Amino acid sequence: MAADPTVVLVVDDEPDLRDLLTTSLRFAGFDAVSVASGRAALDTLAERRVDLVVMDVMMPAMDGLTAVRRLRARGDDVPVLFLTAKDEADDVVAGLRVGGDDYVTKPFRLAEVVARIEAILRRSSAATQSDTTIRVADLEIDDDAHEVRRGGHILDLTPTEFALLRYLATNAGRVLSKTQLLAAVWGYDVGDGNLVETYVSYLRRKIDAPFDAPLIHTKRGIGYVVKEPR
């Protein structure tokens, strides 16, 4: 029996762009559906299975950041790719902070959007298909249950945060550069190192800040490493 097609929800208030994205994603093999607002996106996600959301940031009434914030608050961890018309760091960081997995800056190439979607889906799939538990000190990463614990406490991570932590922990004791992390976690041959910095900072808030002994360390000018506290 053939697998169900991957469902992508496109959320954008610009009809021409929304139709272009939907048509292009269908041509790429996805089951693409679309809505014109953040509110409509929340309603759709409550009613049907969606594998990934392409969400415009700037929309009237309810913007994309608010929609994703509310989505995460109700416990929905569907991956989200943000579309933003601005390239300022604050806008990008805001999108990632509310629970986005990646972003594309307008104007963009359709091939880039498809590539980013495929990379996010690979990360999400890899995070849920393994059956091993990775341990570093009091940190436990349960691939089968897709859960992370430290000191016995369950920590709430997004799929991308999970994938990044898993890769760092799998390579515990080894310093990994931003380029290596972009390739392994995001699937990018080249990319913005600020994306890695942003996600490492999120992990530190969840993995290290509430506990006495940090596990994630920076090797200045080289990269990041997860290692047991001394």
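Mentor: Between domain 1 and domain 2 the count of salt bridges is zero, although the structure, which is a predicted model, holds 13 salt bridges. The two parts in question come from the domain assignment of the protein chain, which gives domain 1 as residues 7-126 and domain 2 as residues 133-226. Their contact takes 14 residues from domain 1 and 14 residues from domain 2, while the C-alpha centres of the two domains lie 24 Å apart. Together domain 1 and domain 2 bury about 1,200 Å² between them, and 48% of that area is on carbon and sulfur atoms. On the side of domain 1, Leu 96, Asp 101 and Arg 123 supply 41% of the area buried against domain 2, which is more than any other three residues supply.

About 370 Å³ of space lies in the largest pocket, and of the 22 residues that line it, Asp 156, Leu 157, Thr 158, Glu 161 and Lys 206 are the closest to its centre. Several elements each supply at least two residues of this lining, namely the helix α4 (89-97), the strands β8 (147-150) and β9 (153-155), and the helices α6 (159-170) and α8 (193-208). Sorted by class, the lining of the largest pocket has nine nonpolar, four polar and nine charged residues.

To return to the salt bridges, one of the 13 in the structure is formed by Lys 106 with Glu 14, whose closest N and O atoms are 3.6 Å apart. This pair links distant parts of the chain, 92 residues apart, since Lys 106 sits in the loop between β5 (102-105) and α5 (110-129), and Glu 14 in the loop between β1 (7-11) and α1 (15-27). Lys 106 also deserves a look for its backbone, as the peptide bond from Lys 106 to Pro 107 is cis, with omega near -5°, and Pro 107 is likewise found in the loop between β5 and α5. A further backbone detail concerns Ala 61, which is found in the loop between β3 (52-56) and α3 (64-73) and has phi near 70°, a positive value in a residue other than glycine.

Terms used. Residues are numbered from 1 along each chain as its sequence is written. This is a predicted model: local features need pLDDT of at least 70, side-chain atom pairs count only at pLDDT 80 or more; totals for chains, interfaces and linings use all residues. Side-chain values use heavy atoms; hydrogens and water are left out. On a 1 Å grid over the protein atoms alone, a cavity is a set of points where a 1.4 Å probe fits but cannot get out, and a pocket is an open set with protein on both sides within 12 Å along at least five of seven lines; lining residues have an atom within 4 Å of a point. Grid points are joined across faces, edges and corners, and a volume is the space filled by probe spheres set on the points. Helices (H or I, at least four residues) and strands (E, at least two) are DSSP runs, numbered from the N terminus. Ala, Val, Leu, Ile, Met, Phe, Trp, Tyr, Cys and Pro count as nonpolar, Asp, Glu, Lys and Arg as charged, and the others, Gly among them, as polar. Domain bounds come from an automatic or database domain assignment. Contact means heavy atoms within 4.5 Å. Buried area is the accessible area (1.4 Å probe) that two parts lose on being put together, summed over both. A salt bridge is a side-chain nitrogen of Lys or Arg within 4 Å of a carboxyl oxygen of Asp or Glu.
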